[in-house]
Amino acid sequence: MTRLLNGLSRPTHRPNLTYREVGATRSPEALPEGYHHLRHSAVVGHGRTAFETAGAAVTTWRMHRASGAGVHADADRAEPGARLDVSLGAGPLRFGVPCEVIWTAYEEDRAGFAYGTLTGHAECGEESFVVTLEPDGTVRFTVTAFSRPATWYTRLAGPVIPRLQHAYARRLGRTLARLVRT
């Protein structure tokens, strides 16, 4: 059996989250042990309008798509329980990973979400994407993640995977700054 997800046929079974520390990125200063930790922050603009633009781009998958990632989601914007496949690469070398939105923030000075890895993802863990409007008007984008290999090939890649994750976080920050400027 299959179901339709944004025009794509998907199996009807629901993959499970692959880690125990669900929601741990809500407290980025205390990430769980036994994982690689990623913390990346970048200024992407200034003022309320920049914050609203950045928050919308993050929570509607626009930032991911503009960075070159494919996103197939069962919701138009981040909401707890929403499922999505995020993919990178091109053509037959496009590699997708299943995720589920764990938590969201739609607050006056904070917007974003975290997703967790599902069965079939090459890594195991959680990643958050949050935009904040600081008291001085600075708009800051922060990626926080904890992950570890879930497959033989990510274990084999060793320290390369955390470096790629950090490079992708920097790319997202540059992409979001560009989206805020336009």
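Biologist: In which strand is Ser128 found?

Modeller: In this predicted model, Ser128 belongs to strand β8, which spans residues 123-133.

Biologist: Is Ser128 buried or exposed?

Modeller: The relative accessible area decides that, and buried means under 20%. Ser128 has 2%, so it counts as buried.

Biologist: Which residues is Ser128 in contact with, leaving aside neighbours within four places in sequence?

Modeller: The contacts of Ser128 are Thr25, Trp103, Phe113, Ala114, Thr142, Val143 and Thr144.

Biologist: How do I read the largest nonpolar core, and which members touch the most others?

Modeller: Such a core is a set of buried residues joined through side-chain atoms within 4.5 Å. Here the largest one has 37 residues, and Leu84, Phe129, Phe141 and Leu176 touch the most other members. Helix α4, residues 160-181, supplies the largest share of this core, with seven residues. Another core, of eleven residues, lies apart from it; Tyr35, Ile102, Trp103 and Val130 are among them.

Biologist: What does Leu176 touch, not counting residues up to four places away in sequence?

Modeller: Leu176 touches Val44, Ala54, Ala57, Val58, Met63, Val131 and Phe141.

Biologist: How many disulfides does the count come to?

Modeller: A disulfide needs two cysteine sulfur atoms within 2.5 Å. By this rule the count is zero. Cys99 is in no disulfide, and its nearest cysteine sulfur is that of Cys124, 12 Å away.

How values were computed. Residues are numbered from 1 along each chain as its sequence is written. This is a predicted model: local features need pLDDT of at least 70, side-chain atom pairs count only at pLDDT 80 or more; totals for chains, interfaces and linings use all residues. Side-chain values use heavy atoms; hydrogens and water are left out. Buried means under 20% relative accessible area, exposed over 50%, partly exposed in between (1.4 Å probe, protein chains only). Helices (H or I, at least four residues) and strands (E, at least two) are DSSP runs, numbered from the N terminus. Contact means heavy atoms within 4.5 Å.
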